[in-house]
Structure formats: structure tokens, C-alpha cells
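Me: I have a protein model open and would like to learn how to read it. Could you take me through it piece by piece?

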Amino acid sequence: MQKRPDRREPAASTAVPAVRTPPRPVPEVEVRRSARRRRTVTAYRENGRTVVLIPAAFSAAEERRWVDQMVAKLQTREERRRRTLASDDELMDRALELSRAHLDGRAVPASVRWVDNQNRRWGSCTPADRTIRLSSRLRGMPEFVVDYVLVHELAHLLEPNHDQRFWALVHAYPRAERALGFLEGFEHGATGGRPTDDDDLEPGAVDC
Ligand SMILES: [Zn+2]
């Protein structure tokens, strides 16, 4: 079921539907100065924080200017990523593509959709009705990570349990190990290692 925006009249039929963007926390920025760096500045996300590497010789003013610039650049890049796979239809198409590429096209979901109520799981799958749900926390993450979660849930359509057969299917996706590492690092940074237990797992869904 589609979520409708609150406090708004239903959109006219000619209107382009707005892309739903979840609220994003302001990222914490860590500046690291490097004596080896002379001119180059690099920025990346690490465990939910933004890390900016700058030359040790930068003044405070240069640091501020470059941090602002690099944070804006990262956000633009992430917005661009967020726009791909924005809709459930695009997610479904991507799932079918991955199934063909890595699972001989044997995993065919009935539906694949984004959900906002999965804060501990990255995805879930109900083999009985072949539905797959992906946590909207994955929006904006690297493509190979979203692909991994899709492959994981697709593999559950063929093998509901996390047994050897299941992992053999998942590892047909070449970047499975790298994606697992990324998600573990992210989870550790995001929750400080504390488990959260506020997910709404639908009846019959696999606990991923
Ligand atoms: Zn699983």
C-alpha cells in the first residue's frame, strides 16, 4: 500500500507524484589532518559519520571552506544515488535483473517495495506470498549494498533458512562479502553496537 503525504489534498491526476524522501539526520563531521597531504581533500562516510581528510597545513578558514564544500559534494552524490531505485517499480526491475544475473532467474518475487518500519533488518521476505521488503534506511547507500540485500531476499524465495544452501546462493553475487562488511560497519556506527528491537516483521516473514 502506498503512503500518502499528510495534510494534503489528493494530487490531481496530471501531477507528477513527489518522490518520498525520508528525513535525514545531520551527519557528524570528523576532520582529519594529514602531514602527507599537500593539496588534496577527500571526504567519505564512515559508520554514519562524515570523514574529511585535509592537508595538515590548512588554516582554520581553509578547513571550514573545504569541509562545507566536500559535505555538499557528498550530499549531491548521495541525492543522485537516491533518485535511482526511487520507486518500488524500479526496485522490482532491479530484483528481476539480479535474479537473472546471479540466480538463473529462478527467484521471481510477486512484489518488492520500500518500507519505513524496518529499523533492525535491512530487508525481509515472505516466501509464502513471494513478497520482499527493503528498509528505507538503505536509500542512498552504495548500489552494491542495495543489490546485496535484494539478492539476499531473493535467495530466501528459493531457500527460507540461513543454511549452507542459502549462503551458496547469496555468494553467487560476487560482492556479497564486501556488502556484509559494509553493513556490519554501518550498523556498529549507527547504533553503537546496541541492538534495537522495534521492527514490525510481517507474519510468515523470514527473520533475516
Ligand atoms: Zn535472511
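**Reading the sheet and its helices**

Reply: Happy to. Three strands make an open sheet with mixed pairing, in the order β4-β6-β5. Strands pair when DSSP finds at least two bridges between them. Helices (H or I, at least four residues) and strands (E, at least two) are DSSP runs, numbered from the N terminus. The edge strands, each pairing on one side only, are β4 (111–115) and β5 (123–126). Ignoring direction, neighbouring strands in this sheet are turned by 20° against each other on average.

Me: What should I know about the model itself?

Reply: It is a predicted model, in which local features need pLDDT of at least 70 and side-chain atom pairs count only at pLDDT 80 or more, while totals for chains, interfaces and linings use all residues. Residues are numbered from 1 along each chain as its sequence is written.

Me: How many bridges join β5 to β6, and in which sense do the strands run?

Reply: Four bridges join β5 to β6 (residues 131–135), and the two run antiparallel. As an example, C125 has I132 in β6 as its bridge partner.

Me: Which strands does helix α3 touch?

Reply: Helix α3 (residues 143–158) packs on the sheet and touches β5 and β6, with its direction at about 20° to that of β5. Contact here means that two C-beta atoms, placed from the backbone, lie within 7 Å. Axes are lines fitted to C-alpha atoms, for helices over the stretch in contact, and angles run from 0 to 180 degrees between N-to-C directions. Helix α2 (residues 88–102) lies across β4 and β6, at about 130° to β4.

Me: How do I describe two helices that pack together?

Reply: Two packed helices are described by the angle between their axes and the distance between the axes. Here the axes of α2 and α3 come within 10 Å and cross at roughly 70°. That makes α2 roughly perpendicular to α3. The cut-offs are under 35 degrees for roughly parallel, over 145 for roughly antiparallel, 65 to 115 for roughly perpendicular, and oblique for the rest.

Me: Which residues make that contact?

Reply: From α2 come R94, A95, L98, S99 and H102, and from α3 come D147, L150, V151 and L154. By class, there are five nonpolar, two polar and two charged residues. Ala, Val, Leu, Ile, Met, Phe, Trp, Tyr, Cys and Pro count as nonpolar, Asp, Glu, Lys and Arg as charged, and the others, Gly among them, as polar.

Me: Is α3 mostly covered or uncovered?

Reply: Mostly covered, as twelve of the 16 residues of α3 are buried. A residue is buried if 20 or more other C-beta atoms lie within 10 Å of its own, exposed if 12 or fewer, and partly exposed in between. The buried residues of α3 include V146, Y148 and E153.

Me: Where is P109, and is this residue buried or exposed?

Reply: P109 sits in the loop between α2 and β4. P109 is buried, because 22 other C-beta atoms lie within 10 Å. Apart from neighbours within four places in sequence, P109 contacts A95, R130, T131, I132, L154 and L157.
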